[in-house]
Amino acid sequence: MVTDLLNKTEFTKDDLIALLDVSATDMQKVLERALQVKTIHVGRKVYLRGLIELSNKCGKNCYYCGIRAGNAKVHRYTLTREEVLDAAQFAWKNGFGSLVIQSGELTNSTFADLIEDLLRSIHKLTKHELSITLSCGEQPKKVYQRWRAAGAHRYLLRVETTNQQLYYQIHPQDHLHAYENRLQALADLREAGFQVGTGVMIGLPGQTSADLADDLLFFKSLDVDMVGMGPYVEHADTPLFEKADQLWPLEERFKKSLLMIALLRLMMPDINIAASTALETADQMGRQRGLLAGANVVMPNLTPVINRIDYQLYNNKPNLDKDPYLSTDSLKHSIEAIGEVIGYHEPGNSFHYLKRTNR
Ligand code: SF4
């Protein structure tokens, strides 16, 4: 039954539910098939994105998020221009082909100007040899266009869940957090010319395999270029923590996350899929296991150590003191140990994006 399903190239919702609910033995078959498909379509190469957590200031109040505006316990920071440029320089000198600049969601002109300045300054400093992904939330279309023109190549805006009822259990139901705004922002990003990425949390309270199957079908229908997704990990200082007793065990959320990566690789063989940091919260080898399940991107954290403690979207975030992947030797060894190679100095553009834009 599972073998038959794995030979398909198009999957129905029922197929996906069956594949998300497989036994441990069949799960191994799903992961092995995903690795085969990954090898054929994108190879065994891992692209590095140096992650810079620019600011934990945010105007929103997502119920699951440790840095939401309403959490008064958080010490707020914004990295200085010099700190960002130092991190970019580190990435450049160490062969990373790409950076991700992530922050809380701020929609004011000062923030838009800051990002634009950083984009131009990083490109000048690194001789346009780094590609840059932004993950700075919903913004007016004009701001997306400005940032694209200033040299941002990719944008990650996670939808978190496509079940709208669930969406409003994890977000306030108001204009600032409207589901339609999120969809509009994803459409605006595409029109602005970005490689567009989205993603979901896996194992939210009340979430089902049918919801996750819908999420996968949503990625396909949106024809996304990249996806970053991982287990939902609760944060004690958030409203959603009240439902922690309804959660699947973390190990189960981790397994479902691997299956989601694997199934997405089968459905969209040439996109970029990140092995998210949250995978490591559940399993020390989480990122490597994500790569073996079909992911092809990792994001070592370049944020200054002193600020990392303040950028905790969820509890037990790994590598708060030091990301072992930043030791270039240990990064290389951990990737090579699982039979993959690092795409040093390569931008790692999504093949899917290159094909759909005839590049
Ligand atoms: S998930 Fe993003 S937008 Fe929501 S509160 Fe956290 S940082 Fe802000």
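Student: Is Asp-270 buried or exposed?
Tutor: Asp-270 is buried, since its relative accessible area is 9%; buried means under 20%, exposed over 50% and partly exposed in between, with a 1.4 Å probe and protein chains only. Bear in mind that this is a predicted model, where local features need pLDDT of at least 70, side-chain atom pairs count only at pLDDT 80 or more, and totals for chains, interfaces and linings use all residues. Residues are numbered from 1 along each chain as its sequence is written, and side-chain values use heavy atoms, with hydrogens and water left out.

Student: What does Asp-270 contact, beyond its neighbours within four places in sequence?
Tutor: Its contacts (heavy atoms within 4.5 Å) are Val-42, Arg-265, Ser-350, Phe-351, His-352 and Lys-355.

Student: Which side chain makes a polar contact with the side chain of Asp-270?
Tutor: That of Lys-355, at 2.9 Å. A polar contact is a pair of N or O atoms within 3.5 Å; within protein, one must be able to donate a hydrogen and the other to accept it, and residues adjacent in sequence count only if both atoms are side-chain atoms.

Student: New topic: is Phe-11 buried or exposed?
Tutor: Phe-11 is buried, with a relative accessible area of 9%. Not counting residues up to four places away in sequence, Phe-11 touches Leu-5, Leu-16, Leu-19, Leu-217, Leu-266 and Met-267.
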